Amino acid sequence: MSLVESKGLVLVAEDERAIADLERLYLTEAGFGVHVERDGTAVLPAIERLRPVAIVLDVGLPGRDGLDICRALRAAGDWTPVVFVTARDDEIDRILGLELGADDYLTKPFSPRELVTRIRGLLRRSSLPAQSPLLTVGKVELDPDRRAVRVDGAPVVLTATEFDLLAKLMSAPGRVFTREQLLASVWGQADYGGGRTVDVHVAQVRAKLGPASPIRTLRGVGYAVEAGDG
Ligand code: CA
């Protein structure tokens, strides 16, 4: 297969051969190049070598687990989109809570078709053409071109998903966005894990912005940003 004509290389870190084979099959059919690593210790060197456009990262890997790999990747300043794959529901909060910069996750067993959808969504979001003006609400400044956020002039590092969520809210200060609208706009689908996904990501953005967070919760409705309101 020619990688030149593909939509880019997806690195799959998965030690279960049957799952890795299925992921390879569907991603290849969707036009991606695929490289599989089965040992956790080989994943970071492979990312360094192959520069994938996205990474599918099993949490439970031999050698080095997925959470640790992602932490090291982000610490090195690499924000390649990551989709975590986990066999356990109780790992999801760890994935989302550790500020690992996970852009998305799937719980096993999942449909490989769904994985392809998620990867496409992540790549679409991270390659949005940006020629937008600086957005400012209160002390929070968002630069869509550079995908940078500052609070009181100090840079704040957000994941791709967190950035898109904040950008959407800040694009129309005062306007209330429902969870469904945010799911459709940021995640590209309206029925994706329900509102909890939105809530968790909003909580992460708030935690990173601190007291200057302009995000307001409208209970039972959704979210909005407003200057001078937490
Ligand atoms: Ca595993």
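**Entry 1**

I looked up aspartate 58 first, and it counts as buried because its relative accessibility is 3%, where buried means under 20% relative accessible area, exposed means over 50% and partly exposed lies in between, with a 1.4 Å probe and protein chains only. I note that this is a predicted model, in which local features need pLDDT of at least 70 and side-chain atom pairs count only at pLDDT 80 or more, while totals for chains, interfaces and linings use all residues. Residues are numbered from 1 along each chain as its sequence is written, and side-chain values use heavy atoms, with hydrogens and water left out.

Which protein donors does the calcium ion have? I found Asp15 (OD), Asp58 (OD) and Gly60 (O), lying 2.2 to 2.3 Å from the ion. Donors are N, O and S atoms within 2.8 Å of the metal (3.2 Å for Na, K and Ca), and because water is not among the atoms, sites may look incomplete. Along the chain these donors follow the spacing D-x42-D-x1-G. Glycine 60 counts as partly exposed, because its relative accessibility is 45%.

**Entry 1: The chain as a whole**

I counted elements next, and the chain has eight helices and twelve strands; these are DSSP runs numbered from the N terminus, helices being H or I with at least four residues and strands E with at least two. Of the 230 residues of the chain, 49% count as buried.

**Entry 2: The sheet of four strands**

I then followed an open sheet in which four strands stand in the order E6-E7-E8-E9 with antiparallel pairing, where two strands pair if DSSP finds at least two bridges between them. Its edge strands are E6 (135-137) and E9 (154-156), each of which pairs on one side only. Neighbouring strands of this sheet are turned by 25 degrees against each other on average, direction ignored; for such angles, axes are lines fitted to C-alpha atoms, for helices over the stretch in contact, and angles run from 0 to 180 degrees between N-to-C directions.

Going strand by strand, I saw that E6 and E7 (residues 140-143) pair over three bridges, with glutamate 141 in E7 as the bridge partner of threonine 136. E7 and E8 pair over four bridges, and here glutamate 141 stands opposite arginine 150. These two strands form a hairpin with four residues between them, and arginine 147 in the turn has a positive phi of about 50 degrees.

I turned to helix H6 (residues 160-170), which packs on the four-stranded sheet by touching E6, E7 and E8 (148-151), its direction making about 110 degrees with that of E7; contact means heavy atoms within 4.5 Å. Ten of the eleven residues of H6 are buried, among them Phe163, Leu166 and Met170.

H6 also lies across E10, E11 and E12, running at about 70 degrees to E12. Those three strands make an open sheet in the order E10-E12-E11, with antiparallel pairing. E10 (177-178) and E11 stand at its edges, each with a single partner strand, so one side of each is left without a neighbour in the sheet. E10 and E12 (residues 222-225) pair over two bridges, and glycine 222 is the bridge partner of threonine 178.

**Entry 3: The second largest pocket**

What lines the second largest pocket? I found 16 lining residues, of which Trp79, Arg147, Leu158, Thr159 and Ala160 lie nearest its centre. Here a pocket is found on a 1 Å grid over the protein atoms alone, as an open set of points where a 1.4 Å probe fits, with protein on both sides within 12 Å along at least five of seven lines, and lining residues have an atom within 4 Å of a point. E8, E9 and H6 each give two or more residues to the lining, and E8 gives the most, with three.
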